[in-house]
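Dear colleague,

I am passing on the structure that we spoke about, and my notes on it follow below. Please read them with the model open beside you.

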Amino acid sequence: MKSCAYPYCPNRVSLDVLACREHWLQLPLALRLRVMNSWRPGQTLTTASPEYLDAFQDVMAVWFEACEAEPAACEPKGKSR
Ligand SMILES: [Zn+2]
């Protein structure tokens with residue numbers, strides 16, 4: 001298990017997915033397909049294909065736009081840590 005790639009998202013996801021269901025479904029379908037089509041099992045950021053890194057950058061751009069529109073959604077959840 002690893003953390004969802006969304007900023008401050010506390011959800012844990014399995015190693016072969018990028019984000020939790022909520023944040024994954026926030027992405028446009030075309031972008032989700034680009035990520036899925038360029039994903040290779042066991043890849044890391046250093047072994048990922050250029051296509052994957054390109055799609056990943058677009059994913060982060062979508063999420064940061066969402067954060068700017070609604071900053072509360074991107075703040076750390078739970079003040080305990
Ligand atoms: Zn998430």
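Leaving aside neighbours within four places in sequence, S38 is in contact with S49, E51, Y52 and A55, where contact means that the C-beta atoms of two residues, placed from the backbone, lie within 7 Å. This is a predicted model, in which local features need pLDDT of at least 70 and side-chain atom pairs count only at pLDDT 80 or more, while totals for chains, interfaces and linings use all residues. Residues are numbered from 1 along each chain as its sequence is written.

S38 is found in helix 2; helices (H or I, at least four residues) and strands (E, at least two) are DSSP runs, numbered from the N terminus. S38 is partly exposed, with 17 other C-beta atoms within 10 Å; by this count a residue is buried if 20 or more other C-beta atoms lie within 10 Å of its own, exposed if 12 or fewer, and partly exposed in between. The C-alpha atoms of S38 and P7 are separated by 22 Å, the two residues being 31 apart along the chain.

Helix 2 (residues 29-38) packs with helix 3 (residues 50-69) at an angle of about 150 degrees, and their axes are 9 Å apart. That makes helix 2 roughly antiparallel to helix 3, a term for angles over 145 degrees, on a scale that runs from 0 to 180 degrees between N-to-C directions, with axes as lines fitted to C-alpha atoms over the stretch in contact. Across this pair, L31, R34, V35 and S38 in helix 2 meet E51, Y52, A55, D58, V59 and V62 in helix 3. The residues of this contact divide into six nonpolar, one polar and three charged, with Ala, Val, Leu, Ile, Met, Phe, Trp, Tyr, Cys and Pro counted as nonpolar, Asp, Glu, Lys and Arg as charged, and the others, Gly among them, as polar.

**The core and a loop residue**

The largest nonpolar core has nine residues in all, namely Y6, L18, A19, L27, V35, Y52, A55, V59 and W63; such a core is a set of buried Ala, Val, Leu, Ile, Met, Phe, Trp, Tyr and Cys residues joined through C-beta atoms within 7 Å. The largest share of this core, four residues, comes from helix 3.

Y8 is placed in the loop between strand 1 (2-3) and strand 2 (12-13), and its phi is near 65 degrees, a positive value in a residue other than glycine. Most residues other than glycine have a negative phi. Y8 is partly exposed, with 13 other C-beta atoms within 10 Å.

With best wishes

Methods. Angles under 35 degrees count as roughly parallel, over 145 as roughly antiparallel, 65 to 115 as roughly perpendicular and the rest as oblique.
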